[in-house]
Number of protein chains: 2
Amino acid sequence: MKATIYDVAREAGVSIAAVSQVMNGKGKISEERRTEILKVMEKLNYQPSVIASALTGKKTYTLGLLVPDISNPFFAEIARAVEDQGHSLGYSLVICSTDNKDERVERYLSLLQQKSVDGMIIGTGMDNKDMLTPLMDRAIPIVMIAREMPDLAVHTVVVDDFVGGTMAAKHLLDLGHTRLAILAEHAKVISSRERVKGFMATLSEIGIKLSEDHVRNCRYTVEDGKREALELLELPAAERPTALFCCNDMLAIGALQAAKQLKLRVPEDISVIGFDNTILASVTDPPLTTIAQPIEPMGKKVVDLLILELKKKSPAKQRVVMLPELIVRQSTAAPSKV
Amino acid sequence: MKATIYDVAREAGVSIAAVSQVMNGKGKISEERRTEILKVMEKLNYQPSVIASALTGKKTYTLGLLVPDISNPFFAEIARAVEDQGHSLGYSLVICSTDNKDERVERYLSLLQQKSVDGMIIGTGMDNKDMLTPLMDRAIPIVMIAREMPDLAVHTVVVDDFVGGTMAAKHLLDLGHTRLAILAEHAKVISSRERVKGFMATLSEIGIKLSEDHVRNCRYTVEDGKREALELLELPAAERPTALFCCNDMLAIGALQAAKQLKLRVPEDISVIGFDNTILASVTDPPLTTIAQPIEPMGKKVVDLLILELKKKSPAKQRVVMLPELIVRQSTAAPSKV
């Protein structure tokens with residue numbers, strides 16, 4: 001039987017007026033109480049035909065999320081984590097995917113602003129922070145996830161990319177590799193740049209320096225990773241790397257495909273390590289050794305910080321740096337002695 | 001050097017006023033011309049600080065997309081295809097993910113309506129079409145993708161799920177399997193139901209009938225697929241299926257994981273076939289035989305139909321049924337003789 005507003009009020013132990021206030025986004029109801037009532041509504045599968053009215057108050061209870069490519073499972077999984085946490089706190093989420101193009105970033109920033117989101121979560125890079133000025137001027141709170149703008153005073157949730165790079169390098173060095181190469185994302189992507197830096201710094205500690213030719217900048221797609229990996233793996237035997245550090249799992253999959261095409265065995269002939277630990281990493285052939293980002297905690301944290309901002313209870317701006325973790329699967333091994 | 005409005009006008013061979021009209025969404029400019037000018041803007045990476053003004057016209061040039069779970073690569077890839085096609089025609093896209101919950105479907109439908117999208121693409125199931133009445137009343141065009149509401153007069157783009165089911169069955173029968181089982185999505189998901197029907201119909205032609213116990217309804221997640229597959233694969237040898245038809249690639253991955261946990265070899269001990277052909281299918285171990293949905297053409301088509309609606313040039317409501325395709329990889333083979 002369909003739940004009514006009476007059922008919700010009874011179950012939540014509040015008045016019908018309180019439930020109504022939650023739906024109308026009005027009244028002096030506390031955020032905690034509001035969240036509880038929303039939970040009861042969901043538990044009872046309460047479907048008021050007027051739920052739209054919950055969105056007519058001054059606050060819209062809507063958050064915006066900007067990602068560079070929703071078909072990259074890393075960002076799809078981030079979006080899912082953000083949606084879940086937002087929902088549990090009574091917020092809806094609209095997602096926009098920018099294809100990493102500045103023109104689309106600007107268009108979508110304007111769009112979300114026009115659509116009156118309460119706050120915005122930005123997971124896409126941008127060349128210059130001026131794009132954000134219109135939002136800041138209108139006092140729309142912004143937080144960033146997985147990307148950062150160092151000279152922008154906003155809450156930011158990232159993984160420690162530099163440390164992730166060092167973890168990857170240490171793992172490959174421990175296995176005995178000395179001929180290494182990197183598939184990086186475009187140099188303007190700070191997170192990728194930091195991963196490369198961490199990787200190179202660890203190598204240079206024991207005197208290994210990668211030639212420019214062994215650090216490839218790609219777009220972030222499987223196809224790009226494959227093309228660059230093919231070039232690296234077709235180098236003369238003396239120069240050919242025995243291990244590839246890929247700055248995301250998509251690029252690592254490209255590398256696996258390149259190896260397969262050249263009939264090289266992974267990990268016997270070539271070790272491959274990725275970054276992100278999306279669903280892809282656990283299903284590849286062989287399963288991918290990768291540097292895991294804590295996707296769920298990151299998504300949860302960024303929503304919590306944004307909502308603190310919305311409530312004006314926000315502490316000083318935080319840069320929350322979460323630790324990555326090396327997940328060893330079967331795509332890395334000691335180089336074979338030839 | 002940054003492109004100016006003059007550069008755009010020159011390159012497009014139009015007046016500055018025409019470019020301005022495109023940005024303001026006003027004037028009598030033709031859609032074809034408008035699209036051309038938008039292409040030039042992107043080509044020149046033109047970034048007017050007033051691009052927001054493109055969104056202040058009567059039309060918002062924004063489309064909404066509702067999907068059940070953005071972390072399912074099938075829907076993430078649909079979203080990507082829709083965004084690309086929308087963008088090439090000058091439309092922005094906002095995406096909402098409903099977690100397959102009716103309560104969230106309703107909330108997001110209201111939300112997108114409030115946010116004044118020009119039209120809405122729905123890829124999520126819903127229990128009753130009344131949820132859509134408010135949109136229909138306000139004459140907001142709706143099209144559906146990958147899901148259908150049979151008694152609703154809207155353009156719909158789907159794959160032929162029934163035929164997809166028959167393709168999966170024929171493939172497994174041709175290989176010599178006779179003990180089969182199905183991991184299906186929830187019975188309320190019509191597309192999954194049709195896949196099951198097609199599969200069963202083909203089996204019954206040669207007198208094979210599946211017991212209820214061999215048709216498992218799951219949620220659509222890897223974990224659910226794994227749990228149900230474990231139960232099936234732990235049946236006594238005489239009842240244990242030699243082949244599993246999984247109604248999406250996520251469930252198939254669950255099945256692969258279950259097989260691995262039980263130390264069963266795929267495909268020697270158990271064949272697994274999926275549905276969708278997302279990025280996942282090509283990277284699993286072993287690579288997944290699956291029924292491919294033409295994701296890009298579907299995304300493109302649904303946007304084209306929606307925009308015809310917006311221009312009121314729409315023909316009678318169409319149900320566009322695209323043909324699926326069997327993609328044979330390495331997760332299916334003849335059953336081993338014991």
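**Figure 1. Salt bridges where chain B meets chain A.** In this predicted model, eight salt bridges turn up across the interface of chain B and chain A. One of them pairs B:Arg104 with A:Asp84, and their closest N and O atoms sit 3.8 Å apart. Polar contacts show up here too: the count between chain B and chain A is 19 residue pairs.

Figure 2. Between them, the two chains bury about 4800 Å², and 56% of it is on carbon and sulfur atoms. Three residues to look for are B:Arg80, B:Arg107 and B:Lys115: together they supply 14% of the area that chain B buries against chain A, more than any other three residues.

**Figure 3. Two copies, one turn.** Take chain B, turn it by 180° with a shift of 0.0 Å along the axis, and it can be laid on chain A with an RMSD of 0.1 Å. The two copies are therefore related as by a two-fold rotation axis. Both copies use the same surface, with 100% of the contact residues of chain B recurring in chain A.

Figure 4. Zoom in on A:Arg219 and A:Asp99, whose closest N and O atoms are 3.8 Å apart. This pair links distant parts of the chain, 120 residues apart: A:Arg219 is in the loop between strand S7 (215-218) and helix H9 (222-233) of chain A, while A:Asp99 is in the loop between strand S2 (92-97) and helix H5 (102-114) of chain A. A:Asp99 is buried, at 6% relative accessible area, whereas A:Arg219 is partly exposed, at 43%.

Figure 5. A:Arg80 reaches A:Asp84 in a salt bridge, with the closest N and O atoms 3.1 Å apart. The two residues lie four apart in helix H4 (residues 73-88) of chain A, about one turn of the helix. A:Arg80 counts as buried because its relative accessible area is 19%, while A:Asp84, with 28%, is partly exposed. Over in chain B, the side chains of B:Asp269 and B:Arg265 meet at 3.0 Å, N to O. B:Asp269 is buried, at 18%, and B:Arg265 is partly exposed, at 49%.

**Figure 6. Nonpolar cores.** The largest nonpolar core has 98 residues, and those with the most contacts inside it are A:Ile95, A:Leu109, A:Ile121, B:Ile95, B:Leu109 and B:Ile121. Follow B:Ile95 and you find neighbours from both chains, including A:Ile70, A:Leu93, A:Ile95, B:Leu65 and B:Val67. Apart from this core lies another, of 22 residues, among them B:Leu230, B:Leu232, B:Ala258 and B:Leu264.

**Figure 7. A:Val8 and its neighbours.** A:Val8 belongs to helix H1 (residues 5-12) of chain A. The residue is buried, with a relative accessible area of 0%. Among the residues it touches are A:Val19, A:Ile37, A:Val40 and A:Tyr46. A:Lys43 is 35 residues from A:Val8 in sequence, yet the two are 9.2 Å apart in space, C-alpha to C-alpha.

Technical notes. Residues numbered from 1 in each chain as written. Chains lettered and ligands numbered in written order. Predicted model: local features only at pLDDT ≥ 70, side-chain atom pairs only at ≥ 80, totals over all residues. Heavy atoms only, no water. Core = buried A, V, L, I, M, F, W, Y, C linked by side-chain atoms within 4.5 Å. Buried < 20%, exposed > 50% of the residue type's maximum accessible area, 1.4 Å probe, protein only. Contact = heavy atoms within 4.5 Å. Least-squares fit on C-alpha atoms with pLDDT ≥ 70 in both. Buried area = accessible area lost by both parts, 1.4 Å probe. Salt bridge = Lys/Arg side-chain N within 4 Å of Asp/Glu carboxyl O. Polar contact = N/O pair within 3.5 Å; in protein donor to acceptor, adjacent residues only side chain to side chain. Lists of a residue's contacts leave out its neighbours within four places in sequence.
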